[in-house]
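Here is a protein to read piece by piece. Look at the sequence and the fold, then work through the questions below.

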Amino acid sequence: MTELECLAYGVEQADEGVCLLLRMGSYRIMLDCGLKNLSPLVPRKEGPPADLVLCSHAHADHARGLLEFHRAFPQIPIYASEVTTQLLPLNWLQTDLQQFPRLCQALPWRTPVEFLDGLSAELFPAGHLPGAAAILLTYTPAGSSRSYRVLYTGDFFLSNSRLVEGLPLEELRGFSPDILIVEGTFGTARHPHRRQQENQLAERISQAIAAKQPILLPAPSLGLAQELLLLLRSHHNFTGRDIDIWVDGTVATCCDAYLDILPHLPPAVQNFARHQSLFWDEKVRPRVRRLDGSDRPLLQAPCIVLADETTDLSQYYQFNPEDWLVLIPQQPHRHVNEIRGVKRASPTKLPQPEATPATRRSKRVEREPEDVILPAVEVYLLAQHCDSPGTTQLIHNLRPQHVIFVHGSPTYLADLTGLEELHNRYHLHSPGAGTLVELPIGDTFLQPAAPEANYEGELTELDTVVTITLPSAVTADPRWKNLADTGLIEARWQGEELVLRGLPQRELLRQGSDRLVDWVDANSPLRQSCANCRHFRGQRCWNPNSPLYEFRVTPDGFCPVFEPLSGGED
């Protein structure tokens, strides 16, 4: 029997990156190299770690380790789509790549290429990012008429986005690979249609502009940032409006790289570029300009700033933070407080700018160090990965024997492997880093029991309230922290099922929100407002025991640790 195995060097997009070693017979194929540390790949007596490397796309969590890998093993060829080879250098902007002319070799779309005897690969567009590829590997052992096929999706998206057409599912339907290696970024979450997500975001930005709020959009420099910029350039909510869009740092560099790959972008984008500049335009409204350091003190409404999410965001709003709205993209593996400049670790006094027209207009006055002013922060969804229906749709159309889930938090991947509709039909795996998965084909294979994902509880109905009691084991899941963030939940009917959702702090603290008051009985002592609490100063809560500590709160809000002014005001 031909041996098929998959060794997971890295399976998460957040920290370790994605890197897989697939063994098909005697051949070893490395799929992506997003590792920050290549020490697991250091060869021992058996020689180089792989026979070749295939890169699915240019995002750092899939590609950042390729340059170091090439330096260590220059004899091992690296392959990717043509567009990916052009975008890869964005991962190493501080490095002169002219000394590595053969870093990555381009492969054509939809054309099988044989690398070694009996081993070939074929690339199909995967959506998600220009040049992103789903890789179909075919291996036929010598002297055998039986071929083995493995499809690796990389990051994929079935829906069309502004700058990328979705994965062409109809081309892959019926392939029936033996093994499908698929991402599970969003687990079992369900999302609205992509256009609905865009319209919701455009409407929120339009509202902020009407309220004369400057807007900051931190995003990954490659991919989402360009999607946002084209959305702002082409959506009917913004065309013709007197708005300045400023693009800073590496986001601008990546925009220039998109101009170099324009012939590979969708026909609608190419048609748009024939009539006006795709990104840079200071004449047609809304105007799009590069931002440099000298422009930052002059930023004022109506304006939108696109910046790399890894930079310190406070540099953009430091002179008038109370006026700004920061919109953060929703990403399952990250909390918004992890972004620099969104929430400070401890109160600090704001820097004093030099007197300029921009700073003289600020409402900011001298304040005590504890009265830190931060901008309003909200989270939006503009997905570039499939949700649960999209992932299961791909699996059901391909009908593999084995499905390996990667690229997601362990809890999200466990949710996917626990889906009954998948568990009853396929052999499911979600390996952790350093795990070897054996993949027997055609033999009897006992599927392990699905991971426990249900909790039995009790329901008690009283005169005025209903109490639902769950076992404490539910708190062991890392997602419990988000659900129990404020101690408040929202319930809604979904068919015959009642769905519970935690209400996060930032949703409760949105400007003008009075949802906290709505959730408390009028006769409850918690009805006392923040305005009457001894810890309410400078529009913020300064009670370390409160879940709203350091956050801006409305005077009519409340929390469970309310302390009246009569209790001893400072």
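Two strands pair if DSSP finds at least two bridges between them. Keep that in mind for the sheet. The model is predicted.

Q: How many helices and strands are there in the protein chain?
A: Start with the whole chain. Of its 570 residues, 51% count as buried. The elements of the protein chain are 16 helices and 26 strands.

Q: Among contacts between residues at least 6 apart in sequence, what share join residues at least 24 apart?
A: A contact means heavy atoms within 4.5 Å. Take the contacts in the protein chain between residues at least 6 apart in sequence. The share that joins residues at least 24 apart is 68%.

Q: Which strands stand at the edges of the open sheet of seven strands?
A: The order is S7-S8-S9-S10-S11-S18-S19, and the pairing is mixed. Each edge strand has a single partner, so one side of each is left without a neighbour in the sheet. From one strand to the next, the twist averages 20°. The edge strands are S7 (113–116) and S19 (427–429).

Q: Which residue in S18 is the bridge partner of Ile-181?
A: Ile-181 is one of the residues of S11. Five bridges join S11 to S18, and the two strands run parallel. In S18, the partner of Ile-181 is Ile-404.

Q: Which residue stands opposite Ile-181 on the S10 side of S11?
A: S10 (residues 148–152) and S11 (residues 179–183) run parallel, joined by three bridges. Opposite Ile-181 stands Tyr-152.

Q: Which residues of S11 point the other way from Ile-179, Ile-181 and Glu-183?
A: In a regular strand, side chains alternate between the two faces of the sheet. Five of the five residues of S11 are buried, so S11 is largely enclosed by the rest of the structure. Ile-179, Ile-181 and Glu-183 point one way. The other way point Leu-180 and Val-182.

Q: At about what angle does H11 run to S11?
A: Helix H11 (residues 388–398) lies across S10, S11 and S18 (402–406). Helix H12 (residues 410–417) also packs on the sheet, touching S18 and S19. The direction of H12 makes about 160° with that of S18. For H11 and S11, the angle is about 170°.

Q: Is His-385 buried or exposed?
A: His-385 lies in the loop between S17 and H11. The cut-off for buried is under 20% relative accessible area. His-385 has 12%, so His-385 is buried.

Q: Which side chain joins that of His-385 in a polar contact of 2.9 Å?
A: Beyond its neighbours within four places in sequence, His-385 is in contact with several residues, including His-128, Asp-155, Phe-186 and His-407. Its side chain makes a polar contact with the side chain of Thr-185 at 3.3 Å. The polar contact of 2.9 Å is with Glu-183.

Q: Is His-407 buried or exposed?
A: His-407 is found in the loop between S18 and H12. Its phi is near 60°, a positive value in a residue other than glycine. At 2% relative accessibility, His-407 counts as buried.

Q: Is Arg-399 buried or exposed?
A: Arg-399 lies in the loop between H11 and S18. Arg-399 is not a glycine, but has a positive phi of about 55°. The cut-off for exposed is over 50%. At 61% relative accessibility, Arg-399 counts as exposed.

Q: Which residue does a cis peptide bond join to Arg-285?
A: Look in the loop between H8 (267–275) and S14 (287–291). The omega of the cis bond is about -5°. The residue joined to Arg-285 is Pro-286.

How values were computed: Residues numbered from 1 in each chain as written. Predicted model: local features only at pLDDT ≥ 70, side-chain atom pairs only at ≥ 80, totals over all residues. Heavy atoms only, no water. Helix = DSSP H or I, 4+ residues; strand = E, 2+ residues; numbered from the N terminus. Axes fitted to C-alpha atoms, helices over the stretch in contact; angles between N-to-C directions. Buried < 20%, exposed > 50% of the residue type's maximum accessible area, 1.4 Å probe, protein only. Polar contact = N/O pair within 3.5 Å; in protein donor to acceptor, adjacent residues only side chain to side chain.
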